[in-house]
Amino acid sequence: MPRLDDALWRDIMGYLRAKHGPICRQWFEQLEPDKFDGGLLDIRTETAVQQAYLQSRCREQFKEAAQQSTGKLVTVRFVHGDEPGPEATPAERNGDSRAGATVLSDDLVLQPDYSFEQFIEGPNNELAFALAQAVADRPAKAYNPLFIHGGVGLGKTHLLQAICLRILDGNPAFNIVYVSCEKFTNQFLECVRGGDFAAFRHHYRDADMLVVDDIHFLSEKERSQEEFFHTFNELHQQSKQIVLSSDAPPGEIPGLTDRLVSRFNWGVIAQVNKPSYETRVAIVRAKAALQGLEVPDEVAAYLAKRFEHNVRELEGAICTVSAHADFLGQPMTAALARKAMGDPGVEPSGRVTLQRIIDVVTDFYNVKTAELQSRRRHKSITEPRQVCMFLARQKTNLSLEEIGGHFGGRDHTTVMHSVQKIEGKVEEEPSFRAQVEQMEQRVEAALV
Ligand code: ADP
Ligand code: MG
């Protein structure tokens with residue numbers, strides 16, 4: 001059987017890393033070229049989830065890499081076990097067949113990265129994380145339904161998929177129906193138009209587990225809610241697990257019928273909140289490691305500080321910074337990260353921003369901005385606060401009043417006193433002077 005030679009395979013993987021870095025994952029290293037025959041290259045994956053994922057998300061990039069490396073017109077196919085993957089993506093299959101007939105096979109593709117192992121636990125999500133694992137380990141025995149809610153980009157979809165991945169890992173034949181609520185609603189409307197509900201109901205009600213992402217999408221949609229109500233009842237009666245995610249708890253989804261609210265409350269409800277600074281740093285590290293990137297501490301700290309509310313944005317920022325570093329052929333530093341994020345750290349006048357000073361000082365002392373602005377007078381807070389005021393006085397055009405305003409509305413005499421205190425300490429203690437100089441240098445790095 002003709003095979004691809006090793007050197008060509010290395011070329012293909014090298015091309016992918018160079019040209020399509022953001023799609024590359026460490027587990028790509030376990031991919032193996034299989035048959036290479038008549039312009040068709042088979043690539044073997046370790047798991048069926050990887051196969052489905054690569055087939056639907058990465059086929060074009062692999063094809064491009066294979067064509068560049070071999071200089072031939074090559075089509076790529078991902079295979080797992082004895083099953084060669086279909087050559088067409090689900091979207092393409094839908095394109096050339098009757099809408100409605102294939103629409104049901106087009107459930108969401110699982111993302112191999114969204115596993116429990118890749119989920120960073122923190123005080124913001126520990127309950128949801130624990131419950132999701134309990135459900136994955138004992139579907140329909142532990143909590144039914146499991147309802148996870150929280151803001152955008154806080155890991156709801158990740159947890160839903162982690163449940164699916166864990167179950168499929170132990171039992172690949174487990175019939176999981178995993179859809180976005182939007183898809184459910186659209187499929188339902190399609191059936192309403194065509195007047196044929198049999199296939200739709202069959203698909204949903206024969207599931208071993210039903211996972212619906214973003215169930216708040218049912219808001220104000222009466223007929224879809226009614227259909228979902230019956231689907232829910234049928235599955236629940238048969239002791240089939242149901243997992244739902246939403247941007248709000250059941251009772252706060254506008255226009256959701258009482259009977260659905262009550263059913264969503266039958267099992268267990270868990271909220272995911274915004275991650276703390278420490279959790280965000282850990283997430284940056286984990287996401288970078290997935291792509292085989294090493295992120296220096298100062299860059300991880302900078303990104304974790306800057307993106308507080310949405311992990312997806314944080315993740316995007318890692319890619320942006322790494323792309324900039326690659327493009328410029330420079331190491332990833334905090335200064336480069338700031339540039340990549342379009343965050344000048346300096347005023348148009350060429351002076352340092354107060355935010356830049358606060359970033360450097362809070363990072364140095366490992367304190368939070370909110371603490372600096374608070375009334376707390378503990379030394380662990382007063383010193384960084386005073387250093388901020390000292391640096392702000394030196395490096396910005398802000399008046400004493402303005403500086404005081406930024407630190408919890410302190411008056412100008414307090415600011416003056418703080419500045420003098422630091423000046424005195426810098427004079428007297430060489431080790432302290434060295435620390436302040438170090439912070440000054442970091443602040444100044446914004447000016448390059
Ligand atoms: P949601 O569905 O809540 O809007 P997602 O699950 O899509 O959010 O998460 C957005 C991105 O952030 C995903 O890439 C996900 O892997 C990542 N993410 C969010 N929270 C965590 C976490 N605690 N650990 C690791 N990755 C996370
Ligand atoms: Mg989501």
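Predicted model: local features only at pLDDT ≥ 70, side-chain atom pairs only at ≥ 80, totals over all residues.

Colleague: Where does threonine 362 sit, and which residues does it touch beyond its sequence neighbours?

Modeller: Threonine 362 belongs to helix α15, which covers residues 354-365. Leaving out anything up to four places away in sequence, it touches Lys305, Val367, Lys368, Thr369 and Leu372.

Colleague: What does the side chain of threonine 362 make a polar contact with?

Modeller: With the side chain of lysine 305, at 3.4 Å. A polar atom of the threonine 362 side chain also lies 3.2 Å from the backbone oxygen of aspartate 359.

Colleague: Let's zoom out. How many helices and strands does the protein chain have?

Modeller: The chain has 20 helices and 9 strands. Its C-alpha atoms fill a box of roughly 80 × 60 × 35 Å along the principal axes. Of its 448 residues, 48% are buried. The accessible surface comes to about 21800 Å², with 49% of that belonging to carbon and sulfur atoms.

Colleague: And what share of the contacts with a separation of 6 or more comes from residues 24 or more positions apart?

Modeller: That share is 72%.

Colleague: Which domains does the assignment give?

Modeller: Four entries come out of it: domain 1 (6-88), domain 2 (126-272), domain 3 (277-344) and domain 4 (350-445). The C-alpha centres of domain 3 and domain 4 are 25 Å apart. Their contact takes 5 residues from domain 3 and 6 residues from domain 4.

Colleague: Now the ligand. Where does ligand 1 lie relative to the domains?

Modeller: For a question like that, look at who supplies the shell. Domain 2 and domain 3 both give residues to the shell around ligand 1, so the ligand lies between them. In terms of helices, α6 (156-170), α11 (277-290) and α13 (311-328) each supply at least two residues of that shell.

Colleague: Which of the 18 residues around ligand 1 come nearest, and how does the shell divide by residue type?

Modeller: Gly153, Thr157, His158, Lys287 and Glu315 come nearest. By type, the shell splits into 7 nonpolar, 7 polar and 4 charged residues.

Colleague: What polar atoms lie by the oxygen atoms of ligand 1?

Modeller: A polar side-chain atom of lysine 156 lies 2.8 Å from a ligand oxygen, and one of tyrosine 114 lies 3.1 Å from a ligand oxygen. Leucine 154 takes part through its backbone: an N or O atom there lies 3.2 Å from an oxygen of ligand 1. As for cover, ligand 1 taken alone exposes 550 Å², and the protein buries 95% of that.

Colleague: Back to lysine 287, then. Is it buried or exposed?

Modeller: Lysine 287 counts as buried, because its relative accessibility is 11%. It is placed in helix α11. Beyond four places in sequence, lysine 287 touches His158, Glu315 and Ile318.

Colleague: Last topic: backbone geometry. What should I look for?

Modeller: Most residues other than glycine have a negative phi, and most peptide bonds are trans. Departures from that pattern are what to look for.

Colleague: Which peptide bond is cis here?

Modeller: The one from asparagine 144 to proline 145, with omega near 0°. Proline 145 lies in the loop between α5 (126-137) and β5 (146-150).

Colleague: And where do you find positive phi values?

Modeller: Alanine 140 has a phi of about 65° and is found in the loop between α5 and β5. With a relative accessible area of 25%, alanine 140 is partly exposed. Asparagine 366 has a phi near 55° and is found in the loop between α15 and α16 (369-373). Asparagine 366 is exposed, its relative accessible area being 55%.

Note on methods
Residues numbered from 1 in each chain as written. Chains lettered and ligands numbered in written order. Heavy atoms only, no water. Near = heavy atom within 4 Å. Polar contact = N/O pair within 3.5 Å; in protein donor to acceptor, adjacent residues only side chain to side chain. Areas by Shrake-Rupley, 256 points an atom, 1.4 Å probe, with all protein chains shown as cover. Helix = DSSP H or I, 4+ residues; strand = E, 2+ residues; numbered from the N terminus. Nonpolar A, V, L, I, M, F, W, Y, C, P; charged D, E, K, R; others polar. Domains from an automatic or database assignment. Buried < 20%, exposed > 50% of the residue type's maximum accessible area, 1.4 Å probe, protein only. Contact = heavy atoms within 4.5 Å.
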